2 protein chains.
Amino acid sequence: MLTSGEQPSVEQLTLSALREKIRTNAYTGSTSGLAPGYLQANLVMLPADWANDFLLFCQKNPVACPLLGVTEPGSPFLAELGTDIDISRDVPEYQVFYDGRFETSVSDLSEHWRDDLVIFVLGCSFSFEEALMQSGLTVRNIEQGRNVSMYDTQIACQPAGRFSGNMVVSMRPFTPKDAIRAIQITSRYPKAHGAPVHFGFPDAIGISDIHSPDYGEAVDIQEGEVPVFWACGVTPQNVIRQSKPPVCITHAPGKMLITDLLNNALSVL
Amino acid sequence: MLTSGEQPSVEQLTLSALREKIRTNAYTGSTSGLAPGYLQANLVMLPADWANDFLLFCQKNPVACPLLGVTEPGSPFLAELGTDIDISRDVPEYQVFYDGRFETSVSDLSEHWRDDLVIFVLGCSFSFEEALMQSGLTVRNIEQGRNVSMYDTQIACQPAGRFSGNMVVSMRPFTPKDAIRAIQITSRYPKAHGAPVHFGFPDAIGISDIHSPDYGEAVDIQEGEVPVFWACGVTPQNVIRQSKPPVCITHAPGKMLITDLLNNALSVL
């Protein structure tokens, strides 16, 4: 498994310089906060004979799996994301799953690439986090320098073919006033999970301990704040664990594909 | 004071027939649920020498006092609301205040009309309640056939000239999922109080007992629901009690001016 080690400072790099660092594996860290303004994406790669099922799964679960694009089998390119993007190289870290089980993390996919792989590019909450901050809201996980808190839920996704499972959600705490504003803002980003799916009562969606997230890190919830829950791009990984495709490759959590598109290009209204 | 007495059935009347019943004082009841689709409005009438202060108050407090129109002094007409509307006659019941104190309720303003009265026409939550129901949400006060629950708060309005006071809010309970949808829908109606100002913690805005509203009636809050609070058109009456203009006339709560405009004409986005 890849060890993260000391990472070079990349905050000030241009998008192309940052991409070069990632492509050459000189940077294998989190992409949170990098390349401000540019759209980052979740990835799911599956063999072609599993792709149609997953395409249908995305269609049926657009809040958890907002589909931005799908590659041709065997191609790591998708021109609408950017002309100089090789999806098989331009992510700091990938996770490889065999039969639904995590196998390894790699920063270079060459050993694992297959000519029948189809890549699904999915919207990611980083886009709306930026929009929230631009509106003056404080995103706690960013403020505290932590990974966002994520939880398994009992919200069932709509099954499609061989894919089924429950939704994973991310949580950010807000005062009610700020939560109302956050609902308005994130509603403008349906391709980045859109509006929250729940707030206030964790146990109502199957979360027994808000202070023990299933993924990411716990963040502080202050007096007078409510936890607000959004559908999360980790949902596909949860579904893949259950559905056990022979091979599946995803980005590593927090280490996304940075595209040439602007976050604001995703917003509606 | 006017006694409500037995009211004729008016649910099936056309808008013009309903208006005729109201104008002739044959109907003096609530306008809730009447003339579906048509915009209903709150009213505040003040002497001309108090009008500029109130105009500024509305400008500074657009969520509580969303201004739709202002008449010329002494005129009860405002063409943009409808050509056959006489605001001094077309409301089922008016309330008259002297020096900030409630004096009397009347269904006919002729005895109280003054040539220096300026009428402020303000958006009303009836517009967004209709939009909520059209989206399949249940509005509890309508479901239970009760007046909406309204509360004095400690949310201070922005003072303007001689006008100051705290915001009055209306409350509708929803599950978190429906509350999120309600926030989206009401955000589209900034001229009908727009998005909620708060949810969840009544005491955070100065409401000590959610089951004892200061105006209107209590409604049931079910397990798993949160109270959601919107700025309310009763705010001006609260402000007038404190600011004590020599005379002020308003509609009676729940008995609004029905205009020729469509609710949907108020929506943005």
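User: In which sense do strand β7 and strand β9 of chain A pair, parallel or antiparallel, and over how many bridges?

Analyst: Strands of a sheet are held together by backbone hydrogen bonds, in either a parallel or an antiparallel arrangement. In this predicted model, β7 (residues 166-174) and β9 (residues 226-231) of chain A pair in the antiparallel sense over 6 bridges. Within β9(A), Pro227(A) is the bridge partner of Pro173(A).

User: What is the strand order of the open sheet in chain A, and which are its edge strands?

Analyst: The sheet has 4 strands in the order β6-β7-β9-β8, with antiparallel pairing. Its edge strands are β6 (149-156) and β8 (198-199) of chain A, each of which pairs on one side only.

User: Which strands of chain A does helix α6 touch as it packs on the sheet?

Analyst: Helix α6 (residues 235-243) of chain A touches β6 and β7 of that chain. The direction of α6(A) makes about 150 degrees with that of β7(A).

User: Turning to chain B, with which strand is β1(B) joined by 7 bridges?

Analyst: Those 7 bridges join β1(B) to strand β5 (residues 117-123) of chain B, and the two run antiparallel. Here Val44(B) has Phe120(B) as its bridge partner in β5(B). Strand β1(B) is also joined by 3 bridges to β11 (residues 257-262) of chain B, again antiparallel, with Gln40(B) partnered by Ile258(B). A further antiparallel pairing, over 2 bridges, links β1(B) to β10 (residues 247-251) of chain B; in β10(B), Ile249(B) is the bridge partner of Met45(B).

User: How many residues of strand β1 of chain B are buried?

Analyst: In a regular strand, side chains alternate between the two faces of the sheet. Strand β1 (residues 38-47) of chain B is mostly covered, with 9 of its 10 residues buried.

Note on methods:
Residues are numbered from 1 along each chain as its sequence is written. Chains are lettered from A and ligands numbered from 1 in the order in which they are written. This is a predicted model: local features need pLDDT of at least 70, side-chain atom pairs count only at pLDDT 80 or more; totals for chains, interfaces and linings use all residues. Side-chain values use heavy atoms; hydrogens and water are left out. Buried means under 20% relative accessible area, exposed over 50%, partly exposed in between (1.4 Å probe, protein chains only). Two strands pair if DSSP finds at least two bridges between them. Contact means heavy atoms within 4.5 Å. Axes are lines fitted to C-alpha atoms, for helices over the stretch in contact, and angles run from 0 to 180 degrees between N-to-C directions.
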